[in-house]
Amino acid sequence: MGFAVVSLFVFYVLLQQGWAATTESNIPINFYQNYQVTWGFNHVSAINRGTEVQLSLDMSSGAGFESKQSYGSGFFHMNIKLPDRNSAGVVTAFYLTSKGNKHDELDFEFLGNVEGKPYTLQTNVFANGEGNREQRIALWFDPTKDFHLYGILWNQHQIVFYVDEIPIRVYKNNSAIGVAYPSRPMQVEGSLWDGDSWATDGGRTKTDWRYAPFIAHFQGFAIGGCSIPNSMVQIPQQCYSSAYWWNQERYWKLNHKQQTEYENVRNNSATHGGLRVPHLIGHAPRSRTFSIISTSPMAILYLRAILLLYLIGFCSFFYANAVHGSVIEEEEFSEELLLRPLPDRKVLSHFHFRSRAPPTSSNGRHHHLFPKAISQLVQKFRLKEMELSFTQGRWNYDLWGGFDPISSNNAKPPGVELWAVFAVPQHHVDASWKNLTHALSGLFCASINFLESSTTYSAPDWGFRPASGSLRYGTLPREAVCTENLTPWLKLLPCRDKAGIAALLDRPSIYKGYYHSQRLRLTSTEFDLEGVDSGIVLEQTLTVVLQPNDKRDVMTSLETKLHPSWSLTSMFGRKIKGRCVLAKSSNVFLQLDKGLVAEIHNMQKENKISVSDNLAHDGLKGNHGFALSVKPDRVLEEVNGSQPSVLYEFSMDSESFDLGLTWKLPVVWSCQQAPLHASRFLMGSGNERGAIAISLKSTELSRQLLHSDMIEGSCKLQVNVFQVVPWYIKVYYHSLQVFIDERPQAVLDVVEKMRVSPSEDKVSPGVMEMILKFPCGMKSASITLEFDKGFLHIDEYPPDANQGFDIPSAIISYPNFHASIRFVEDKSLDMSPILGKFQEDSSVLSYTEVLLVPLTTPDFSMPYNVITITCTVFALYFGSLLNVLRRRVAEEERLLKTQAAKTGLLAKLSAKLRRRPLETAKSSSSSSSLISSKLILKVVLVAGIAIVWQFYRG
Amino acid sequence: MAESETPRTKQRPIVRLGLFLISHSLLFSVVCCAAGVVALLLLPVLAKNTYISENALMPGSANPMLSGEDASEANKLVKEVIALNSKSGASGIKRQRLIAQYMSDLGAEVNYHKFHPQGVHFHPLHFFSSPGSGTTERNISCSLRGTNIVGIIRAPRGDGKEAIVLVTPYNSVKINQGEAMSLGIAYSVFSLLTRVTWLAKDIIWLVADSQHGEYAAVSAWLRDYHTPVFNGLHTIDAEICVVANNLHEAKEQPTNERNIYDGFRRAGTMAAALVIKVLDRNEQFEDSLSIYAEASNGQMPNLDLINIVNYLAVHRQGLRAKVEKMWSVIDSKWVKTLGELFESLGQLARYLNPQWKFGIPAADYVEGTATLASSLYNQALGVPTGPHGAFRDYQVDAITLEISSRASFDNKNSRNEFLLRGGRLIEGVIRSVNNLLEKFHQSFFLYLLTSPSKFVSVGVYMIALALLVAPLPMVAASLYTDANKLDSIQRKDKPTASASVAEECDVNLRSWKWVNAAKKVFVLHSWGSVVSLLPYLVCQIPNCSPTASFLLWVLLSALSLLIMHLILASPFFHATESQLHVGEWAILKSVTISVAFIGLCLMSVINFATAEIGGLLVVPMCLMAHPLKLDLKVWRLKNFLRVAFNIVFVFIGFPPATFMVLKSTFEGFNSFNVGDFWNWVESLWAWNSATYLYIVMVHLPCWTCKSED
């Protein structure tokens, strides 16, 4: 606003002198050929016949110049040598800017420093009047010693800041997703001015005027741009034509070499001024106006007024920014808590933390709020999307609902579930997945690395979620969840659990809950080819179902079964002691189900209490169903539906917050169910065969559906089933049977589409994806699949083999049903993340139970026996072998003959004992030789020793 | 003496040993059999104390949480349930509704399970097939149906993969005090478990409707749990049985029965099951607990399960743990004498060396023998001793706990106290099983109990059978060689011109002589299988008294034997026709003995106890058998004795006779009826007992062989 006036004014005053200077120079690229001085005329001196210009700054004034024409695109550059010596507080600037309201601007600002300390180069992008995108970088050379080239490439796709042809900052055009992009004609400007109020050390180091004048040298006044007359407000289309070299496709993004240079620069030499306070380092007014000033007192007065206005405008703008923050380019964090009473006297608490990082391409890899570990994960494994959940307990779809966004998104199978989409070529996906599992297992202290083995994960095609081949899905149903996993998860939050809503997370009370699911969801657009880059969004949710302390005295009297009253303190043992200061928004919500709201309405009607009818007007506070201890800041009501669900919003302030709910009357309601109630079980007995059965039972919703759609006739209920079966369960997919209302059906009538990838022993699990279409009138359906139990090799058994083996949950989803709740919304863009999640159209989905299949397991104490037996066998084998090898038959025969000649006394005795003549004994049986005198002697000796030993030792 | 001319080579020791044993088979067999019997009698002495093998179980390490409040709540249920007895009308349904109401008030998921008890139908191909594969009959009357009530508590933080089952059978038509008390115990535990946080496995409480038998109700539920039939039986039921639909009407009450679900609810794989019963009559001395563990075919639950129950009952709740005993053994004199003998032997051993721990007090010995006998008998019978048997078919470890109280249940305080004790016992067991990460596998599956805290493991009791059976192959071998030798001697005596050619021929012939005998034995065994199938035909005849059926069976068997004899060219009398050949029968005997040996060995793998008892009967019979004709020819004392023994053994060996003898010894002669045997056999079919197969396919043919001789 005031800007243009000032510029015009200055322009008008100094017009003629400029022209004079232009005429003076006779070199083709003379300063005055393209530029004109705008202020501080006597501080501008052109030397070398106009090929170099010196701007000087002293107490009285600085100086500035600008291009004569505006430009719509181009590559703008300037060779600059900065003021040397102690230049603290001195700002040298080279920038493009548009005139008028909501201006666009692309800045190079060199912030001087005390002697010996390096210059800081600050770049900034204003688009549509929005700035706040400062980035600071330490230069890798001394800019005061020599001229260096500083350039800005500006086309429709990106804006690149170059230093000596090395890209130091990239700002991508993300206007498609609402990120503003400079789109007005801009003029090239250069200036030197005193910015000691902010420039150096945040304004603490002031300009040392003893070193004045400060002189900056500018060279290279050729402008490669699509020039437009200053009068034009819009950039004509021709400026985007690829006739200009900078509009050509290879300048739409950095080439590989540039990319690496860019990353090097950003990793190595970029410095940030520490943690940035939300209320930006005083981005000082564009103070080239500061010291024009010496000439007319009138002008000074006039200017001051304008300046003041300008300042106020600026500040309020920043303030608004800090509060509402519709700027995506900013790293931001928000914390929210949703509470919901459940029909079975429990309370659902859903913590939702969202961190958002601007795209790396324009903002670099350094983060203030966003967890570095996560952004590194994204960069390293080129993640497009990832979800990791740790769950303990089961979500009760019957009682806690199966049709709302929370149950669809946050009800997870027990144990660990991980899926990720990678932006890497198909043949690299598996490798990336394996590396990712290792990284995550380190990060979250969990055995996620077991998902590395190809037998544990699968690559669903379309059954799990619409994704190309770069999706991998794996679960660990047996993983135990504990604080060990929660602590690293909390470390990702900027305030950890020290402040803000996360401070509620008292470990004993949240692990005492009936359901505990900690989830981490990551979406990044960094690697999207479409060029839409909105950075990384990290959502961390913790869903806990808690039982408020309940005095168990109401057992007998059924009528007065009042729901237990609760408060944050009673449930968590703590209260919120104020918001996390780093959070952009910090809210607590209390949601009342449709059913509950309707029930309360009914009660009010019954009791003939003057129905205010509008629950939304903090009516529930005074209503006789229950009472809240804190007055809500806002009451939101679901947009459509006769029985709207109600949401109370409480904004967190700095003081402590403890929401309590006291029930006054017993209420009975039920949550909305998924169209079908799915459960899965094992059939059969014995260790050989079995069958998996998935049974689907209609719920109220599908009955309603039946009533509404019956007229239309061919109503079909679509159900997707996604099932992964480990390889040791050998599923016979041909044995698929479908029963509807307990009558067998032809499979082809029901199964619309099916994809099966059979398991491969020891290599990959079996995956089954199915689309089923059931008639709407159906009451129940069952799907059965037979399987053989595999026989594992001894080393494939896990340490706890006797526990049995798990079949992970199947995923049943209903693509035609969307779990979204739309609350009355003012049109503002800055919706709270939870509300945003509520509005997302995600299909209703439920997980079935994990199954435990007992397989035949060997007795692992057997090895001892096995060793004994094998040793015996070996001994016998080798003994006899040796015997054969060693034996000399002839010799033995000779010996036998000699022995036969003299029959011993014992032989005779034994023969007598057996009542047989000696001859027959000798001839018929060889056994006589068995009892030789020596042998008996030996036996007696040994026995004697043994007896003596036994007797005396004892 | 062609062989003797060549210098005799010294054979390998093992061969020599074998030859030695064969040549002394008589002595050997007598010694072995005696040793086998002695080893069996020694088993109570050799029994070891039980110990808890699985560390994770940790029974009794936590204090019981069950409070008097739970017990008095349970007491209320007991009173209400009993009170319904006096009311007329559909008290059964009311009672079901009441129990279901109590369950759902606790927050459990409740459903009714309606079933038709499956009748006992013999099917020859049914043995060893998986349970529940039988077809369900359609034409069932509504009166013949029961309704189980199933309550499930989901473990708050568990993953629902495993479950523990509590079963309380009760008669829905008229409940007695004991059944009501068992309901009370289960209820008190159940109500506690809805509140505890340590639960890792789901708890299923099955209130089994035992009006058609406890076992039938439990097995029907298990069948539906594991092998549901998707053939629309339920819808048919709903159409036919209007009366039973009262239950459905009950569901119309909106708020109270909200949790009651008409489908079949399931939890995960079962880890263990406990059947709780309370005895109606009062115990004389102290509160006691009887443990029943035998399932079909002598399968036993893991010893650890019995151990924890025993440990908790004895050391925590002060109950006296018992296992079933054979009372007739306790009273018998000879066992007492034997016990005293062992005791004095033990004293002698201790006198020699104080460290030798051998021998137990005579009283203990008698008790142990009685328990062991009952344990052996029950395992051998292969009929489960309670509803827990149904679980074993699905590889679930289960036992029945029968608790009886000293005090009468009339007093409220004593009732409360009893409920508290019983409840705490069950709680402790559940808590231990709940601790278990893996299924039961650490401890023994093959064992015999001599008292609740003493057992004989497979390694020990195998010895008795091994000793008993060992003579069989030796005797068979010796008979065979003797026969051959005799033959050759006979041949030798005949003067022949072309000796060498005939000799060769003869050797060939001789080596194949056993085929003839084997053929006979095979024919007999196939007759045995025919006999085993005959009851199927007999069953088809309607309205047949057991006695008549039995006689019919015997008649048919005899007929079939005759037919077989005629068709198959009368192999038996072949021997008599040709001159009575001593060698002939010896070979026949050796083949029979080896077949019996194989049969016994196989049976010992399937059901040890059957093999042991069968061995006791068969082995002496096999060894003593000698053709009567031969014996009668030579009239000597030895022969006479042999004949007498043979006749006795043959009489005892005949299965019905065996049954009678055993029955009369244990129960007295007054209940003597031929039909009993039929009933007994019928019960064997019902439980798919392999004992039946053993009897008709191994025992009977052997016996026939013997008696033929």
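This is a predicted model: local features need pLDDT of at least 70, side-chain atom pairs count only at pLDDT 80 or more; totals for chains, interfaces and linings use all residues.

Visitor: Which other strand is joined to strand 17 of chain A, and by how many bridges?

Guide: Strand 16 (residues 332-341) of chain A runs antiparallel to strand 17 of chain A, and 10 bridges join the two. Here A:Pro341 stands opposite A:Val347 in strand 17 of chain A. Strands 16 and 17 of chain A form a hairpin with five residues between them. In the turn, A:Arg345 has a positive phi of about 65°.

Visitor: How should I read the side chains along a strand?

Guide: The general idea is that side chains in a regular strand alternate between the two faces of the sheet. In the present case, A:Val347, A:Ser349, A:Phe351, A:Phe353, A:Ser355 and A:Ala357 point one way from strand 17 of chain A. A:Leu348, A:His350, A:His352, A:Arg354 and A:Arg356 point the other way.

Visitor: Are the residues of strand 17 of chain A buried or exposed?

Guide: Strand 17 of chain A, residues 347-357, is mostly covered, and 11 of its 11 residues are buried.

Visitor: Which residues touch the most other members of the largest nonpolar core?

Guide: The general idea is that nonpolar side chains tend to be buried together in soluble globular proteins. In this structure the largest nonpolar core has 82 residues, and A:Met386 and A:Val588 touch the most other members. If neighbours within four places in sequence are left aside, A:Met386 is in contact with residues including A:Leu418, A:Trp419, A:Leu436 and A:Leu520. Another core, of 75 residues, lies apart from that one; among its residues are B:Tyr112, B:Ala180, B:Val278 and B:Ile430.

Visitor: How many aromatic pairs does a search of the whole structure find?

Guide: The search finds 52 aromatic pairs over all chains. In one of them, the rings of A:Tyr35 and A:Phe65 have centres 5.4 Å apart and planes at 85°, so the pair is edge-to-face. This pair links distant parts of the chain, 30 residues apart: A:Tyr35 is in strand 1 (residues 35-39) of chain A and A:Phe65 in strand 4 (residues 63-67) of chain A. A:Tyr35 is buried, at 1% relative accessibility, and A:Phe65 is buried with a relative accessible area of 1%.

A stacked pair is formed by A:Phe333 and A:Phe353, at 6.3 Å centre to centre and with 5° between the planes. A:Phe333 lies in strand 16 of chain A and A:Phe353 in strand 17 of chain A, 20 residues apart. Both A:Phe333 and A:Phe353 are buried.

Visitor: Which residues do ring pairs link into a cluster?

Guide: The cluster consists of A:Phe31, A:Tyr32, A:Tyr35, A:Phe65, A:Phe218 and A:Phe221.

Visitor: Where in the chains do A:Arg496 and B:Met58 lie?

Guide: A:Arg496 is in the loop between helix 10 (483-491) and helix 11 (507-511) of chain A. Its phi is near 50°, a positive value in a residue other than glycine. B:Met58 is in the loop between strand 1 (48-49) and helix 4 (68-86) of chain B, and phi of B:Met58 is near 45°. A:Arg496 is partly exposed, with a relative accessible area of 40%, and B:Met58 is partly exposed at 45%.

Visitor: Finally, what is the secondary structure of chain B?

Guide: Chain B comes to 28 helices and 12 strands, and 53% of its 709 residues count as buried. From the unreviewed UniProt entry comes the feature "transmembrane region", placed at spans including residues 20-43 and 593-619 of chain B. Residues 20-43 of chain B are 96% helix, with end C-alpha atoms 30 Å apart. Residues 593-619 of chain B are also 96% helix, with end C-alpha atoms 9 Å apart.

Notes: Residues are numbered from 1 along each chain as its sequence is written. Chains are lettered from A and ligands numbered from 1 in the order in which they are written. Side-chain values use heavy atoms; hydrogens and water are left out. UniProt positions are given in the numbering used here, feature names are shortened, and annotations may be inferred rather than shown by experiment. Helices (H or I, at least four residues) and strands (E, at least two) are DSSP runs, numbered from the N terminus. Buried means under 20% relative accessible area, exposed over 50%, partly exposed in between (1.4 Å probe, protein chains only). Two strands pair if DSSP finds at least two bridges between them. A nonpolar core is a set of buried Ala, Val, Leu, Ile, Met, Phe, Trp, Tyr and Cys residues joined through side-chain atoms within 4.5 Å. Contact means heavy atoms within 4.5 Å. Rings of Phe, Tyr and Trp (its six-membered ring) pair if their centres lie within 6.5 Å; planes under 30 degrees apart count as stacked, over 60 as edge-to-face and the rest as tilted.
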